[in-house]
Amino acid sequence: MDKVDVIIVGGGLAGLSCAYELADSGMTVIVLERGDFSGSKNVTGGRIYLSPLRNYLPDLWKEAPLERHVTKEFITLLGQNNSTTFEFYSDRFNREPYPSYTILRAKFDRWLADLVSEKGVFVIPQKNVNDLIKEGKRVIGIKAEDEEIGADCVVAADGILSFIAEKAGLRKPFQPQHFALGFKEVIALDPKTIEDRFRLGEKEGAAQLFVGTLTKGIMGGGFLYTNQESLSLGIVVGIHSLNQREPREEVYKFLDEFKERPEIKNLIRGGEVVEYSAHLISEGGIHIKPKVYGDGILVTGDAAGLGLNMLVTARGMEYAVASGVLAGRTIKMAKEKNDFSASTLAHYEKLLNESFIIKEMDNFKNSLSILENKRLFSKYPQEISNLFEKVMRVDENPKEGLYKTIWEGLKKDFLNLQTFKDWLQFRKM
Ligand SMILES: Cc1cc2nc3c(=O)[nH]c(=O)nc-3n(C[C@H](O)[C@H](O)[C@H](O)COP(=O)(O)OP(=O)(O)OC[C@H]3O[C@@H](n4cnc5c(N)ncnc54)[C@H](O)[C@@H]3O)c2cc1C
């Protein structure tokens, strides 16, 4: 059996970041990616926050094909026939170094794979790894179709369903409540139109989240990100919540209906759909984090359950990059000791625990139970929009005083025990 130092399974952000970290180490490293090229199977919303990552890969971002730096945030509560949007702008978001950018994975991952290859790592596309080779409990290599390759260390960077981590005995099969399903279109529009429609300066970007009737009471929401020459528009729905619904819904249609809403229709007018994708997204947070190391193996990114729904934003890409780098650092340390046993590779878990990743996931450990509250996706967006409508509307009758309108609306829909209980639950976030 041919043998290398490190095999990385999966050429997404986690796998490629690990490869980047290992590129100058003198070790022979290969990345096996089942897609036609890195980026071809990778889906994100997507916005990446660079502030937590600059210390991890300081040299990477200057030349990286990032889209727009996000200066504006919109949160839209969708009712049946009305909606309320909160808009937020900050000079701080518009000052270098910019905290967050929109990103297209088909471009970014491909670029990163080329960069890593230039540094001497072998990135091999169209290679589906279907099994691990073990000696007792110890992982000593992989099987990819009819080929077998040995390695001192295998890195599972194979994404959210990670069969590699499962085969290594590190994680149990996940439950439906731990996943949501995302649908996304990339809609091409010229930069000037994007800037005019979102009132942005050149290269500035916007991020918009939607919650309410678009998911028909199912846990989830919508997102819209401005790229340089396109919009990323999508919907995410919780699988458990979806399974409970009778009659069953054909959820892919939600996106078509969403596009017909006036709030969206006018933003995408004249655009051409150039990419369509669907992918699972992790909702389980810290509760589904598997064991991330074993004899001869480390688990990174989505494969390690490192993803978080923070309600106002989704996180996963920074965790993939940072965990990939930390896995790379651990492998370098193990190489120095010439020991890839679980007790040495456990250092990776220590690094993860000390990093922003596990601290954040711990801070948001209650987000899953909050997300299970259906009123968040139906009652509140609708009633807040109804209240605003009452405040704004002038009809044939004399208009009531503003205070009275607001107070009556609050009394009717919000001042009750249920809302109070929801508030107590929300405080845990
Ligand atoms: C709809 C949606 C919206 C999201 N929005 C955001 C957002 O705005 N911000 C954010 O930070 N995160 C977001 N996320 C989460 C984020 O995209 C993920 O956390 C991130 O992509 C994880 O990167 P990864 O490298 O771990 O996994 P992936 O990008 O999934 O990469 C895994 C790679 O492994 C390959 N692979 C799998 N199995 C094998 C095998 N057996 N052999 C060889 N190769 C294999 C796959 O082809 C793939 O290329 C979103 C996710 C979705 C689905």
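Trainee: Of the contacts in the chain between residues at least 6 apart in sequence, what share join residues at least 24 apart?
Mentor: 74% of them. Two residues are in contact if their C-beta atoms, placed from the backbone, lie within 7 Å. Keep in mind that this is a predicted model, where local features need pLDDT of at least 70, side-chain atom pairs count only at pLDDT 80 or more, and totals for chains, interfaces and linings use all residues. Residues are numbered from 1 along each chain as its sequence is written.

Trainee: And the radius of gyration, what does it say about the chain?
Mentor: The chain has 23 Å, which agrees with the value near 22 Å that a compact globule of 429 residues would have. That radius is taken over C-alpha atoms, and the globule rule is 2.2 Å times the number of residues to the power 0.38. Along the principal axes, the C-alpha atoms fill a box of roughly 85 × 45 × 40 Å.

Trainee: How much of the chain is buried?
Mentor: Buried residues are 43% of the 429. A residue is buried with 20 or more other C-beta atoms within 10 Å of its own, exposed with 12 or fewer, and partly exposed in between, with C-beta atoms placed from the backbone.

Trainee: How many helices and strands?
Mentor: 15 helices and 19 strands. These are DSSP runs numbered from the N terminus, helices being H or I of at least four residues and strands E of at least two.

Trainee: What are the domains?
Mentor: The assignment gives domain 1 (2-66 + 103-172 + 290-354), domain 2 (177-282) and domain 3 (370-426). Such bounds come from an automatic or database domain assignment. The C-alpha centres of domain 2 and domain 3 are 25 Å apart. Their contact takes nine residues from domain 2 and seven residues from domain 3. On the domain 2 side there are three nonpolar, six polar and no charged residues. Here Ala, Val, Leu, Ile, Met, Phe, Trp, Tyr, Cys and Pro count as nonpolar, Asp, Glu, Lys and Arg as charged, and the others, Gly among them, as polar.

Trainee: A278, then. Where is it found?
Mentor: In strand β15. A278 counts as partly exposed because it has 13 C-beta neighbours inside 10 Å. Apart from neighbours within four places in sequence, A278 is in contact with L181, G182 and F183.

Trainee: Last topic, β8 and β9. Which way do they run?
Mentor: Antiparallel, with six bridges joining β8 (residues 129-135) to β9 (residues 138-144). Strands pair if DSSP finds at least two bridges between them. L132 stands opposite I142 in β9, and K134 opposite V139. Their hairpin has two residues between the strands, and G136 takes a positive phi near 65° there.

Trainee: How many bridges between β9 and β10?
Mentor: Four, also in the antiparallel sense, with β10 covering residues 147-156. K143 stands opposite E148 in β10. That hairpin has two residues between the strands, and E145 takes a positive phi near 50°.
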